[in-house]
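Subject: Structure handover

Hello,

Here is the structure for your files. My notes on it follow below the entry.

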Amino acid sequence: MSSLNVTERLKIRSLSVERLRRRAVTRTLSSPLFRWRYAGTGADQILIVPQELRAADPSFWSEVAHGHFGLASQIADLKGASPFRVDPPSLAWARELHGFGWLRHLAATEEEEAAAAARELVLDWIATRRVANGIAYEPEVVGRRLISWIAQANMLLEGLDARSYSAILSSIGQQIVALKTTWRSAPDGIPRLVCLIALVLSDLSVSGHDRQLKEALDALIEELNRQILDDGGHISRSASVLADLILDLLPLGQCFHSRGRQPPEEINAAVRKSLGFLRFMRLGDGMLARFNGVSTGSPATLATVLAYSAEDFDVRAVARASGYARLERGDTIIVADVGPPPPLEMATEAQAGALSFELTSRQYLVLANGGFPGPADHSWDSAARATASHNTLCLAGTSSSRLVRHAQLEDMIGGLPIRGPDSVTSEYSEETGYAVLRATHDGYLKRYGLIHTRQLSLSPDGHKLDGMDTLGPPKGQLRLKQDLPYAIHFHLHPDCRCTLEDRATCRVKLPDGRFWVFRADDASLSIEESLFYVDSAGPRPALQIVLRGTTFGETEVHWSMRAETADVLG
């Protein structure tokens with residue numbers, strides 16, 4: 001935990017003023033005096049039904065038919081009641097319920113009984129939500145619901161009687177107007193983009209609303225330019241948000257073409273850059289590297305997104321704006337975190353993993369950060385965000401980043417942000433076929449006067465990784481008044497086994513029977529328990545290799561990992 005510095009106090013004041021401004025605009029536009037300008041001509045027709053690109057699970061219908069509603073890694077037993085009339089197991093569950101993204105699962109069954117149930121549930125929602133408040137009317141939830149209803153309009157409107165047809169279209173029209181007046185109050189980041197994408201999609205797809213298209217489109221382009229960095233990463237430094245964003249942006253192009261319009265280049269550029277960044281962050285196991293909020297995910301979803309890429313991207317070695325580096329040789333891939341935390345307002349899921357890295361060998365994840373827990377259980381969030389849950393050095397049992405506790409700030413951004421390191425530098429080079437990364441961070445400088453430096457060197461065939469971790473002062477020499485303990489963590493994926501060979505060596509066995517041999521001569525090596533948080537069922541037990549020692553002010557630890565085949569070892 002940490003008290004606020006002057007810069008952070010100014011930031012909070014700025015965020016507070018901006019929130020007050022947005023709320024004032026929302027109240028003004030929501031008043032009867034101004035609301036009329038968004039009313040349009042209602043919604044009497046869906047002109048375009050955009051394609052639903054997200055993968056669907058037809059088995060969801062079987063669960064619903066048996067009275068269970070599984071969302072956000074939790075299942076509600078309906079006991080014969082409507083899902084809109086039961087107590088939600090969690091806020092995440094409630095948001096997914098009212099966002100109606102699950103309609104695609106019912107549509108995928110191609111069964112009339114499932115389609116009839118979908119129509120009944122939508123009409124039930126309309127009947128129970130006559131007052132526009134609560135979770136169901138959070139701006140980003142309204143946005144997701146509009147996207148879902150419009151994408152499934154063929155299923156929802158087919159064969160309806162005139163009264164039900166009118167009820168659904170009237171509700172869509174009312175929700176469009178509500179979102180046009182409230183989107184500015186959505187949390188910064190992806191939620192605000194979802195709102196604006198929904199508005200642009202609605203203006204293109206629903207009759208009578210395209211006269212407000214320019215206003216929504218200009219706002220969307222402005223947000224995309226601000227949130228998507230030059231290298232395609234998101235300002236939050238979380239790669240996981242990009243896959244869903246791309247799946248929302250791609251159908252917009254279809255809608256523009258269907259209306260005889262050219263999609264704005266800014267939208268195409270955002271998709272193109274983001275696709276390149278996802279390729280950069282994808283490891284050999286088909287998943288995104290687990291940094292800064294990356295949680296449970298599906299390789300199929302990521303593969304689906306990347307399949308929409310019309311270009312064969314050259315994967316770069318460094319994503320400078322986002323603060324990541326990639327070393328790839330042979331069938332070994334390493335992605336490392338070499339950037340500072342995102343801005344405070346985007347740092348509620350950021351993690352203290354400065355200079356940490358993940359490693360895959362072929363399709364197997366070998367060294368894995370703890371990752372971020374799923375949406376169902378937040379009790380592990382603090383532990384997962386700590387430096388000790390990452391493959392990096394932890395000094396004196398403390399994290400390289402500090403939690404910032406401030407009631408007003410937490411209320412404004414919806415969680416606890418982190419601060420520091422203030423400076424993270426990195427340099428990537430290629431030397432006689434080796435991929436070499438050298439990086440430093442100052443997360444321990446103010447507390448202990450020390451800089452952490454890490455060097456990784458991956459051999460041309462990808463079969464050997466040499467590492468060096470250094471603690472020392474920014475310049476000159478330093479002798480601490482009291483020696484400080486350090487621990488360098490190397491967390492193994494739960495599917496990997498590890499055995500100690502001697503005081504300096506251990507062997508890591510991969511699921512396919514191959515081995516990697518880990519060795520360190522400058523610190524005490526031990527095999528300890530660990531947790532892998534990225535699992536929908538909850539944290540999985542795992543093992544970690546830990547190098548421990550003490551520093552008097554200047555310390556250098558050399559370690560290495562070398563691939564060995566099972567045949568060689570007998």
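Accessible areas here come from the Shrake-Rupley method with a 1.4 Å probe, and for residues only the protein chains shown count as cover. On that basis the protein chain exposes about 24,400 Å², with carbon and sulfur atoms supplying 50% of this area.

Two points on the source. This is a predicted model, in which local features need pLDDT of at least 70 and side-chain atom pairs count only at pLDDT 80 or more, while totals for chains, interfaces and linings use all residues. Residues are numbered from 1 along each chain as its sequence is written, and side-chain values use heavy atoms, with hydrogens and water left out.

Overall form

The protein chain has 18 helices and 21 strands; these are DSSP runs numbered from the N terminus, with helices being H or I of at least four residues and strands E of at least two. The radius of gyration, taken over C-alpha atoms, is 26 Å, close to the 25 Å from the globule rule for 570 residues, so the chain is as compact as a globular protein of that length (the rule is 2.2 Å times the number of residues to the power 0.38). Along the principal axes, the C-alpha atoms fill a box of roughly 80 × 55 × 45 Å.

Of the 570 residues, 55% are buried (buried means under 20% relative accessible area, exposed over 50%, partly exposed in between, with a 1.4 Å probe and protein chains only). Among contacts with a separation of 6 or more, 69% are between residues 24 or more positions apart, a contact being heavy atoms within 4.5 Å.

Another open sheet has 4 antiparallel strands, ordered β8-β15-β20-β19. Here β8 (393–395) and β19 (524–532) are the edge strands. Neighbouring strands are turned by 30° against each other on average, direction ignored. Strand β19 is joined to β20 (residues 540–551) by 9 bridges, and the partner of Ser526 in β20 is Val546.

Salt bridges

How many salt bridges does a search of the whole structure find? There are 32, each being a side-chain nitrogen of Lys or Arg within 4 Å of a carboxyl oxygen of Asp or Glu.

One of them pairs Arg54 with Asp248 at 3.1 Å, N to O. Arg54 sits in the loop between α2 (32–35) and α3 (59–65) and Asp248 in helix α12 (residues 240–258), so the pair ties together parts 194 residues apart in sequence. Both Arg54 and Asp248 are buried. They also belong to a salt-bridge network with Arg144 and Asp244.

Arg272 meets Glu265 at 2.9 Å, N to O. Arg272 counts as partly exposed at 32% relative accessibility, and Glu265 counts as partly exposed at 45%.

Glu564 and Arg562 form a salt bridge at 2.8 Å, N to O. Glu564 counts as buried at 15% relative accessibility, whereas Arg562 is partly exposed at 37%.

Regards

Terms used: Two strands pair if DSSP finds at least two bridges between them. Axes are lines fitted to C-alpha atoms, for helices over the stretch in contact, and angles run from 0 to 180 degrees between N-to-C directions.
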